[in-house]
Amino acid sequence: MLYRNYGKTNESVSILGFGCMRLPVLDGNPVKIDEKKALPMLRYAIDAGVNYVDTAYPYHGTGMESGGASEPFVAKALKDGYRARVKLATKLPSWLIKTRSDMDAYLNRQLERLETDHIDFYLVHSLNQDYWPVLKAAGIHEFLDQALSDGRIRYAGFSFHDQLGLFKEIVDDYDWSFCQIQYNYLDENYQAGREGLRYAAEKGLGLAIMEPLRGGHLANLPPAIQTVMEQNAIQRTPVEWALRWVWNHPEVSVALSGMGAMEQVVENVRIAQTATASSFTAPETAVIDRVKQLFKEKTRVPCTACGYCMPCPVGINIPACFALYNDDWMHEGPPATRKSRYQNLTATSALASQCAACGQCESHCPQSLPIREELKQVAALFE
Ligand code: SF4
Ligand code: SF4
C-alpha cells in the first residue's frame with residue numbers, strides 16, 4: 001500500500017480510502033447492511049494497509065434527514081483493535097444545521113454512533129451556495145475552533161459540490177487542513193475540478209477524492225469505449241485506468257472508493273500498491289484522452305447533474321431524464337431496457353412530455369442547455 005501526506009494534517013494516509021456509502025446490503029434495503037460481507041471487506045482493507053475510513057451521518061439511510069446505518073456499522077467493524085489502526089472521517093450534515101447548538105448536537109451524536117472519543121478528519125458535508133452562508137451565519141468557524149481545541153475532532157475539512165468560484169472562496173475562508181472533491185477523468189473540469197485541486201493543494205490542503213469511478217460509471221464502460229482500452233498494449237481493467245489516472249495527480253492524497261464486494265476491495269488494494277504520482281507515460285495519457293473524446297462524442301446532452309434546474313414545477317426529474325438518455329445512448333441497450341428504466345423513473349416523477357415550457361429551469365442551468373428542446377427528444381425516445 002502506498003501512502004501520501006495529507007496536507008496540513010501532516011498525517012500519512014493510504015492512497016486508497018475505504019468509503020462506507022455503498023456497502024453490501026440485505027434485500028436491497030440500504031439500512032440493512034450485510035455485515036457478514038461488509039465487515040470482512042473493511043477489515044481485509046485495513047489488514048492490507050488502508051488507514052483511512054470514510055463515512056457520513058446519512059450514509060445507508062432512507063434519506064438525508066436522519067442518521068443512516070453506516071456510522072453504527074463502522075463502529076462495530078472497528079472493534080477488536082481496528083479503530084486504533086485507522087484515521088476515521090465523518091461529516092457534519094450541513095443541510096440539517098440551523099443554529100450553533102445544532103453543530104455540537106450532531107457532532108456529539110456522531111461520536112456516540114461511532115463509539116469513539118474523537119473524529120480524526122471531520123468534514124463539513126457537501127458545501128454549496130445554499131448551505132455555506134447558513135453555516136457561516138450560525139457560527140461554523142467558532143464551532144470548528146472549539147471542537148479542535150477540546151479534542152473532539154483532530155482536523156477540520158469540508159466536502160464540496162458546487163462551482164469553482166465558491167470552492168476557492170471556501171478554501172480561503174477558514175484554516176482548513178484538507179478538503180474532499182469529486183474528481184475523475186470525465187470530471188476534470190467539473191465543480192472544483194483540476195483548477196480547484198491545484199488551488200487547494202497550493203494552499204496546503206490535503207485532497208481526498210470522491211467519485212473516482214463516477215459512481216461506478218467508469219467501471220462499466222459502453223462497449224465501444226471498452227474496446228479502446230482492450231485493444232491497447234497496456235492491459236488494465238477500466239477501474240485500474242480510472243484509479244491510476246486519479247493517483248497520477250501528486251496533489252491527491254487519498255481516493256475514496258465505495259466498495260460493494262470483496263472482489264472490488266481486493267482489486268483496489270492491488271492497484272493501490274503501485275499507483276505512484278506523476279508516473280503516466282505519453283501512451284497512457286493518450287488512452288485516457290481517446291476515452292474522454294469518445295465519451296464526449298457519445299454524450300447527447302452535456303448535463304453535469306448539478307441540479308440547479310430543480311425543482312421543476314411540474315415535477316420532472318430533469319437531470320435523471322438526461323442521465324438515462326445519455327446512458328442509454330452510450331450503452332446502446334435494447335429498446336425494452338430503455339423503456340423500463342424510464343418507466344421506473346417516471347413512476348415517481350412527471351414525464352418529459354409533461355414539460356409546460358415555462359423556461360424556469362433554463363434560466364438556472366450553468367451549462368445553458370436548451371432543456372425544453374432536449375426533453376422533447378427524451379420523450380420521443382422513451383415514450
Ligand atoms: S420548462 Fe419544463 S422542465 Fe423546465 S421547469 Fe418548466 S416545466 Fe419544468
Ligand atoms: S440540466 Fe443544467 S441545471 Fe439541470 S442538472 Fe443538467 S446541467 Fe444542471
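**Ligand shell, helix packing and domains**

The shell around ligand 1 comprises 11 nonpolar, 1 polar and 1 charged residues (Ala, Val, Leu, Ile, Met, Phe, Trp, Tyr, Cys and Pro count as nonpolar, Asp, Glu, Lys and Arg as charged, and the others, Gly among them, as polar). In total, 13 residues surround this ligand, and the closest are C312, C355, C358, G359 and C361; a residue is near a molecule if one of its heavy atoms lies within 4 Å of it. The model is a predicted one, in which local features need pLDDT of at least 70 and side-chain atom pairs count only at pLDDT 80 or more, while totals for chains, interfaces and linings use all residues. Residues are numbered from 1 along each chain as its sequence is written, chains are lettered from A and ligands numbered from 1 in the order in which they are written, and side-chain values use heavy atoms, with hydrogens and water left out.

Turning to the helices, the axes of α9 (residues 238–247) and α10 (residues 262–272) come within 10 Å and cross at roughly 40°, which makes α9 oblique to α10. The crossing of α9 past α10 is right-handed. On the α9 side, V239, E240, L243, R244 and W247 make the contact, and E267, N268, R270, I271 and A272 do so from α10 (contact means heavy atoms within 4.5 Å). These residues divide into 5 nonpolar, 1 polar and 4 charged.

On the scale of the whole protein, there is a division into domain 1 (3–289) and domain 2 (318–382), with bounds from an automatic or database domain assignment. Their C-alpha centres lie 30 Å apart, and the contact takes 6 residues from domain 1 and 4 residues from domain 2.

Definitions and conventions
Axes fitted to C-alpha atoms, helices over the stretch in contact; angles between N-to-C directions. Helix = DSSP H or I, 4+ residues; strand = E, 2+ residues; numbered from the N terminus. Parallel < 35°, antiparallel > 145°, perpendicular 65-115°, else oblique. Left-handed = near helix turned anticlockwise from the far one by under 90°.
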